[in-house]
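Please find below some numbered remarks on the coordinates, written for a colleague who may wish to check each one against the model.

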Amino acid sequence: EQIIQTALKAAGLKYQSRRPTDPLLSGAHAVLDPEVRFIWVRDDILASERRLYIAHELAHFYLHEKGVL
């Protein structure tokens, strides 16, 4: 958990848990919203899954920021 928090802070991002039906998730498990610098994550998943999805979205953030994707 500490690694995820450190990575989020370094990227200037935060995360927030949302209901699976929340429109911000668009049916996904997690979504990066770079405009508001948030990662939205389903609130009905295990903590280990949450960390995995946040790490995945952080990778998207860095890949898009660096122009790789």
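In which crossing, left-handed or right-handed, does α1 pass α2?

1. Helix α1 passes helix α2 in a left-handed crossing, a crossing being left-handed if the near helix is turned anticlockwise from the far one by less than a right angle, and right-handed if clockwise. This is a predicted model, in which local features need pLDDT of at least 70 and side-chain atom pairs count only at pLDDT 80 or more, whereas totals for chains, interfaces and linings use all residues. Residues are numbered from 1 along each chain as its sequence is written, and side-chain values use heavy atoms, with hydrogens and water left out.

2. Two packed helices are described by the angle between their axes and the distance between the axes. Here the axes of α1 (residues 2–11) and α2 (residues 47–65) cross at roughly 25° and come within 11 Å; the axes are lines fitted to C-alpha atoms, for helices over the stretch in contact, with angles running from 0 to 180 degrees between N-to-C directions. That makes α1 roughly parallel to α2, given that angles under 35 degrees count as roughly parallel, over 145 as roughly antiparallel, 65 to 115 as roughly perpendicular and the rest as oblique.

3. On the α1 side, the residues that meet α2 are Ile4, Ala7, Leu8, Ala10 and Ala11, and their partners in α2 are Arg51, Ile54, Ala55, Leu58, Phe61 and Tyr62, where contact means heavy atoms within 4.5 Å. By class, this contact of α1 with α2 has 10 nonpolar residues, no polar ones and one charged; Ala, Val, Leu, Ile, Met, Phe, Trp, Tyr, Cys and Pro count as nonpolar, Asp, Glu, Lys and Arg as charged, and the others, Gly among them, as polar.

4. The chain has two helices and three strands, and from the N terminus on its elements run α-β-β-β-α; helices (H or I, at least four residues) and strands (E, at least two) are DSSP runs, numbered from the N terminus. The radius of gyration of the chain is 11 Å, close to the 11 Å that the globule rule gives for 69 residues, so the chain is as compact as a globular protein of that length; this radius is taken over C-alpha atoms, and the rule is 2.2 Å times the number of residues to the power 0.38.

5. Of the 69 residues, 26% count as buried, a word that here means under 20% relative accessible area, with exposed over 50% and partly exposed in between (1.4 Å probe, protein chains only). Among contacts between residues at least 6 apart in sequence, 49% join residues at least 24 apart.

6. Arg50, which is found in helix α2, is buried, with a relative accessible area of 17%. Not counting residues up to four places away in sequence, Arg50 touches Glu1, Tyr15, Val41 and Ile45, and its C-alpha atom is separated by 8.6 Å from that of His29, 21 residues apart along the chain.

7. Ser26, in the loop between β1 (14–18) and β2 (30–33), has a positive phi of about 50° although it is not a glycine, and Ser26 is exposed, with a relative accessible area of 67%. Arg37, in the loop between β2 and β3 (38–42), has a phi near 60°, a positive value in a residue other than glycine, while Arg37 is partly exposed at 35% relative accessible area.
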